[in-house]
Amino acid sequence: MQKNNTEYPTLKELEQLVWRKLQETFSSVMTSMLEAYDEEIVKQRDKQRFHYKDKRPLKIDSLFGEIELKRSYYRDRETGKYVYLLDQYLQFEGIKGFSPLVEEAAIELAVTSPSYRKASNTLETLLGYRVISHEAIRQHLLEVEVIRKERQSLTHPVLFIEVDGLYLKRQEKRIKGKEEKIAAVHQGWEVNGKRVSLKEKRHYVHRGKEPFWEGLETFLMETFDYDPAVHRLVINGDGATWITSCRDYFQGRAFFTIDRFHVARDIRRLFKGHRRYRAMQKALAKYDGETLMIELNSAVGTLETEAKEERLEALIHQLEQYPEALGDYREWLKDQGIDPTGFRPMGSAEGTMSVFAKRLKNGRSWVEKGASAMMTAMVALMDKIPLKTLIGRVEKWTEPKEERPPKYFVEKVESTIGEATRNNVMYLKQRANIPVYRALKDLKGF
C-alpha cells in the first residue's frame, strides 16, 4: 500500500460519484434507444398518410435524470393534425415533461406520504434533483380514473362487510365538513401460521346521491359475482342510523352485527371498576345479548355521575333497537343453510378507518374534488387496482411485472448499455497493479 499512494474517496463521495455516473449513463442509453426507435418509425410509417416535417427537441424528467433527444414530427394527411408517432408508439405524451414512472412514483408517494409537498421532497432527496413539484403531483392525482378489474368469483355464498364513517373538514367557506361513508368487503379469513388476513378485500367509498346501501349493492354486483337472490351478507358497524338502515334495505338477506369494539369501549368507559363489569364482559364475549341487556338495565342508578347515567340510558336505548345484533352471526348463517366453519368474529372497521384517517385527517381540510381523488387513489393502492393517469397508467403498485419483455428489446438494451458504459470507470484506465484496479477487475461478471 505504501508503494501505491492512491487517494481513496469516502464511501459517501464514491456513492454520489457512481450515482451521478449511472444517471448520465441512463440518460445516454435512453436517448440512444429512443432516437433509434424514432428512426425505425420514420422508415416503416405509412408514408401516404404521415408526411415527415422535421425533428423537434424533447426533454423528459425521468427517475434517473433528464433525457434530451430529437424526435420526428409528422402531419397526418387524414386528420390534418400534427403528431409525434414516437409518442403514440410508446403510449406517452411528451408535452407533459416527465416520464410515466415519475408520475407513478409521485402518485404512490402522495398517497402514502403525509402531503403532496412531502412526496415531492422525497423524490428530490432520492434522485438528487427536483423532478416534479407538489402542485404538479396534486394536479395529476386530481385526474386519475379507476380501471375496472374483472369481477371476482365468490368462494362462499356469503360476503362480509365492515362499515364506518370518516368525518373530513372542508376548505370552502360556509361549507361544513362531511362524513365519508366507507365499506370494506371481503370473503372471509385466511390463516397462515399466526397471521390472519382477509380474503379478496375490496373497499367502497360512497359517491353520488343514491342511498348508501343501494350504491354498495351496485358495487357488489360490479365487483363480485354477486347475486342478491343467492348470496347473504354479514354487516358489521356501529349504531349510526345510516348503517343500521341496512336491516330495512336487505331485509332477510343480511345480518347486522353491532361492532363489538364500540360496545366494549362504551361498557369499559362506563363500568370499569364496577362490580357488574366482569359479568358484562363475559356476556359480550359469549354473544349472549339477553344477559348483557339484563346486566345493563340492572346497573341503572348505580353509576357515580349523572352524565354516566345518561350515557348508560342512551346505550341501552340503542341496543334495544336491534337486540339480535349482539348475537353470533354464525348461528344465523347455519339457519340459512351456510356452513360457518373457519369464519371469525367481525371487527376490522376501525383498522380500515385508521388507514384513511392517517392520510386524510390530522388537521387537514379538503375541497370535494381533492378528497374524492385522494380516496380513489388510496382504494386503488389498497386493492391493487390499475389507475388511468394523465400520462399513462399505474399498473401494479410497487409490485414488479411478471411478464418479460421480448428478447429483441432485452438484447437491444444490453448492447446499448454496453456501448454507453464502456471506458466510463476511470480507475480501469490507470495502472493495472494498483489495488482498486485489481478489485474492480475481480468484480467482472457480477
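Leu11 counts as exposed because its relative accessibility is 68% (buried means under 20% relative accessible area, exposed over 50%, partly exposed in between, with a 1.4 Å probe and protein chains only). The model is predicted, so local features need pLDDT of at least 70 and side-chain atom pairs count only at pLDDT 80 or more, while totals for chains, interfaces and linings use all residues. Residues are numbered from 1 along each chain as its sequence is written, and side-chain values use heavy atoms, with hydrogens and water left out.

Leu11 belongs to helix H1, residues 11-44 (helices are DSSP runs of H or I with at least four residues, strands are runs of E with at least two, and both are numbered from the N terminus). Together with Leu14, Leu17, Val18 and Leu22, Leu11 makes a nonpolar surface patch of about 470 Å². Patch residues have over 30% relative accessible area and no salt bridge; nonpolar side chains (Val, Leu, Ile, Met, Phe, Trp, Tyr) are joined within 5 Å, and like charges within 9 Å. Accessible areas come from the Shrake-Rupley method with a 1.4 Å probe, and for residues only the protein chains shown count as cover.

Next come the charged side chains. Side chains of opposite charge can pair when their charged atoms come close. The structure holds 24 salt bridges, each a side-chain nitrogen of Lys or Arg within 4 Å of a carboxyl oxygen of Asp or Glu.

One of them joins Glu78 and Arg49, at 3.7 Å from N to O. Glu78 sits in the loop between strand S2 (65-76) and strand S3 (82-83), and Arg49 in the loop between H1 and strand S1 (50-62), so the pair ties together parts that are 29 residues apart in sequence. Glu78 is exposed at 61% relative accessible area, and Arg49 is partly exposed at 26%.

Arg148 and Glu222 form another salt bridge, with their closest N and O atoms 3.3 Å apart. This pair links distant parts of the chain, 74 residues apart: Arg148 is in the loop between strand S4 (145-146) and strand S5 (158-170), and Glu222 is in helix H6, residues 212-223. Arg148 is exposed at 64% relative accessibility, whereas Glu222 is partly exposed at 39%.

A salt bridge of 2.9 Å, N to O, connects the side chains of Arg207 and Glu180. Arg207 lies in the loop between strand S9 (202-205) and H6, and Glu180 in strand S6 (residues 178-186), 27 residues apart. Arg207 is partly exposed, with 27% relative accessible area, but Glu180 is buried, with 1%. Both residues take part in a network of salt bridges that also links Arg170, Lys178 and Glu368.
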